[in-house]
Amino acid sequence: MTAVYVLRRTAMLALVVWAAASFNFLVPRLAPGDPVGAILAQITRQGGSVAGSAEIIASYRATFGLDEPLGVQYLRYLAALARFDLGPSLTSFPTPVMEIIGRALPWTIGLLVASTLIAFVVGTILGALMAWRGTPAFARFLLPPLVALAAVPYYLLAIVLVSVLAFGLRIFPSAGTVSVGALPAFDLATAGDVLYHSLLPALSIVLAAIGGWMLGMRALVVSVIGSDFLVLAEAKGLPPRRVFLVYALRNAILPQITGLAISLGTIASGAVLVEVIFSYPGLGYLLLQAIQNADYTLIQGITFVLVLAVGLAIYVLDLLYPVLDPRISYAQR
């Protein structure tokens, strides 16, 4: 890998983030309506009384800089993003958007990173075994039910799991992250309580995702079976397990790694419907609340974090490709 390529990829990442940030800035401002007016209208619909609404709207627009020319707003927006300053929330003013996102992000990362990695590892191994000729016959019966679950949307699967395991059998809690009345603390008891409350939402995501990883890996392993390097490895008398893991699995897994990187990048968006069903305080639940409350600055902040996470994931993966597969080289010839 050359320094020129690294600089080129870094510049591409910066260009993508700038384009996404610009799009993120323009769309809410080009949409019809006024964000401050929408908030006051929502207060009125909920039975509240807003006296002197015109003065309040003017004051809020001045506070958030919405009364300035669009070009000035854009330059200030880019300058603030360079400092990772996403501004204050409209509905939770003056709480900064970064502070609100920072409270929700660990919950989403903890739930979705673990769920995605578990689904990836289990699905990849099972998918490879489904295509490998040495796999026991009984293991092949796992493919149809798991593929059938992959066709079920994860939020519908979450509703079924809540109905059966939470309300029916009462094995897991139906919502929340800790037991009712529990005080937050950094100890093993609290960690175990959080893990216990996270098992059901994680299970809904894992069961819905395993089938997709299995099908993808099965197709990739089928494409390398019969290749010259596998025939040579078997002719050398290498153990079947080594041939499967080192030669077949390693050479077929690269596209799966690409899919994993993109999946990990999109984790920042949260699993909106699963988090809503389980009242899980992650970014997905926060995004839904921001949309319902017309909190445009918070929506922009969550969207920007998502774009940045996906861009960084693809950037890191692109730089790691030569390490994952020595056949790939970015050196100029």
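**Exercise 1.** In this predicted model, find the partner with which arginine 103 forms a salt bridge.

*Solution.* Start at arginine 103. Its salt-bridge partner is glutamate 99, and the closest N and O atoms are 3.2 Å apart. Next, check the distance against the cut-off. A salt bridge needs the nitrogen within 4 Å of the carboxyl oxygen. Now place the pair. Both residues sit in helix α5 (residues 97–131), 4 residues apart, so about one helical turn separates them. Arginine 103 is partly exposed at 49% relative accessibility. Glutamate 99 is partly exposed too, with 42%.

**Exercise 2.** How many salt bridges does the model contain? Describe the one formed by aspartate 85.

*Solution.* The count is 2 salt bridges. Aspartate 85 pairs with arginine 83. Their closest N and O atoms lie 3.7 Å apart. Then compare the two side chains with the exposure limits. Exposed means over 50% relative accessible area. Arginine 83 has 57%, so arginine 83 is exposed. Aspartate 85 has 34% and is partly exposed.

**Exercise 3.** Which helix gives the largest share of the nonpolar patch?

*Solution.* First list the members. Val152, Tyr154, Tyr155, Leu156, Ile159 and Leu273 make a nonpolar surface patch of about 460 Å². Then look for the main contributor. Helix α7 (residues 154–168) supplies 4 residues, the largest share. Tyrosine 154 lies in this helix. To be in a patch, a residue needs over 30% relative accessible area. Tyrosine 154 has 31% and counts as partly exposed.

Technical notes
Residues are numbered from 1 along each chain as its sequence is written. This is a predicted model: local features need pLDDT of at least 70, side-chain atom pairs count only at pLDDT 80 or more; totals for chains, interfaces and linings use all residues. Side-chain values use heavy atoms; hydrogens and water are left out. A salt bridge is a side-chain nitrogen of Lys or Arg within 4 Å of a carboxyl oxygen of Asp or Glu. Buried means under 20% relative accessible area, exposed over 50%, partly exposed in between (1.4 Å probe, protein chains only). Helices (H or I, at least four residues) and strands (E, at least two) are DSSP runs, numbered from the N terminus. Patches are made of residues with over 30% relative accessible area and no salt bridge: like charges are joined within 9 Å, nonpolar side chains (Val, Leu, Ile, Met, Phe, Trp, Tyr) within 5 Å. Accessible areas come from the Shrake-Rupley method with a 1.4 Å probe; for residues, only the protein chains shown count as cover.
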